[in-house]
Amino acid sequence: MFSSFVQPSTLSLFSSTSSNSLSLFSLSVDQALPSDSFIHLLHDRLSSPLPDIPRTLLHLPIIQDRGDEMDSRHLDIELEQTILHIQSPTIRTTYIQCPAITPIGIGDRSPGLGIKHPWMHLQVRNLGKEWSFEVGIVDHAGRTGIIRLSTFQKKPDLRVNHAKPESHPILLLPLSFPSRSTHPLTPWSTININFPSLLPYFSSPTLRSLSLDNQNDMEEGRNSRATVSHPNASSSVALPSGTYSYVSYIRVYANCRLRRIWFSEGGPSQKVPWEFELYSAD
């Protein structure tokens, strides 16, 4: 999508305030949950317009400082802007994705997004529910890996389907929002991800051993006579390593409110355009 273009130092992929914010994305919802699973543009502070019936917005958590010296000060700062609301009890079925056709299928050599920037940034609101997003990254040898960050993931893990060498490994990483006990000023956060720093985890000896152990457990469950491989045995799946090349796709699951996704060369220290800043109602 972007591989053949000169990419500026800051590249915006999604903005909820643009006129056609989802033009580059495909949407998926759980058709079995028409009232609870949906994707909807609305004003953050007003939570309007409301979605069409039978859709019902989930109850939003209230953030309030309960310190003695500031007991009466309300700090639930919301945005005076249009944002994208994504909710569902079944996280994996409700998401937005770019490009619309995920370039992670068997035999698919499309570069997908083809964004070469090493940093990705997401502006999201914590809805007090479980949330996840994932990114496909490719190394200079053309090997693809999937990085999935989730608020329900407790520790790093590497999932590799050794029975299907053509499949792509998934690096599972924990993700957390600021806790309420820290008295955050707003439920909104900017999440910064550096891909080159995460790429070595796909070849981590510890995580690779865990992935092989997990596979062995599954094999034993299917067949009690299965032969168990040694944890240090080499994987038949092509694991990405070495130098980061580009991002192939991004998928943002329920449950969150999303304002912007952008990529940069310099990370959080890089100056961004003024419209990337968050503006509250106060």
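Visitor: How many helices and strands are in the protein chain?
Guide: Two helices and 13 strands. Keep in mind that this is a predicted model.

Visitor: What share of the residues is buried?
Guide: The chain has 282 residues, and 48% of them are buried.

Visitor: What holds paired strands together, in general?
Guide: Backbone hydrogen bonds, with the strands either parallel or antiparallel.

Visitor: Let's zoom in on strand 12. Is it mostly covered or exposed?
Guide: Mostly covered. Strand 12 spans residues 244-253, and ten of its ten residues are buried.

Visitor: How many bridges join strand 5 to strand 12?
Guide: Four, and the two strands run antiparallel. Strand 5 covers residues 95-98. Its C98 stands opposite I250 in strand 12.

Visitor: And how many join strand 7 to strand 12?
Guide: Seven bridges, again antiparallel. There, E134 stands opposite R251.

Visitor: What does E134 stand opposite in strand 8?
Guide: R148. Strand 7 (residues 132-139) and strand 8 (residues 144-150) run antiparallel, joined by seven bridges.

Visitor: New topic: strand 13. How many of its residues are buried?
Guide: Nine of nine, across residues 256-264.

Visitor: Which way does strand 1 run against strand 13?
Guide: Antiparallel, with five bridges. Strand 1 holds residues 10-15. S12 has W262 of strand 13 as its bridge partner.

Visitor: What else stands opposite W262?
Guide: H121 does. Strand 6 (residues 119-125) and strand 13 run antiparallel, with seven bridges between them.

Visitor: And how many bridges pair strand 4 with strand 13?
Guide: Three, in the antiparallel sense. Strand 4 covers residues 82-87. H85 stands opposite R257 there.

Visitor: Last one. Of contacts between residues at least 6 apart in sequence, what share joins residues at least 24 apart?
Guide: In this protein chain, 76%.

Technical notes: Residues are numbered from 1 along each chain as its sequence is written. This is a predicted model: local features need pLDDT of at least 70, side-chain atom pairs count only at pLDDT 80 or more; totals for chains, interfaces and linings use all residues. Side-chain values use heavy atoms; hydrogens and water are left out. Two strands pair if DSSP finds at least two bridges between them. Buried means under 20% relative accessible area, exposed over 50%, partly exposed in between (1.4 Å probe, protein chains only). Contact means heavy atoms within 4.5 Å.
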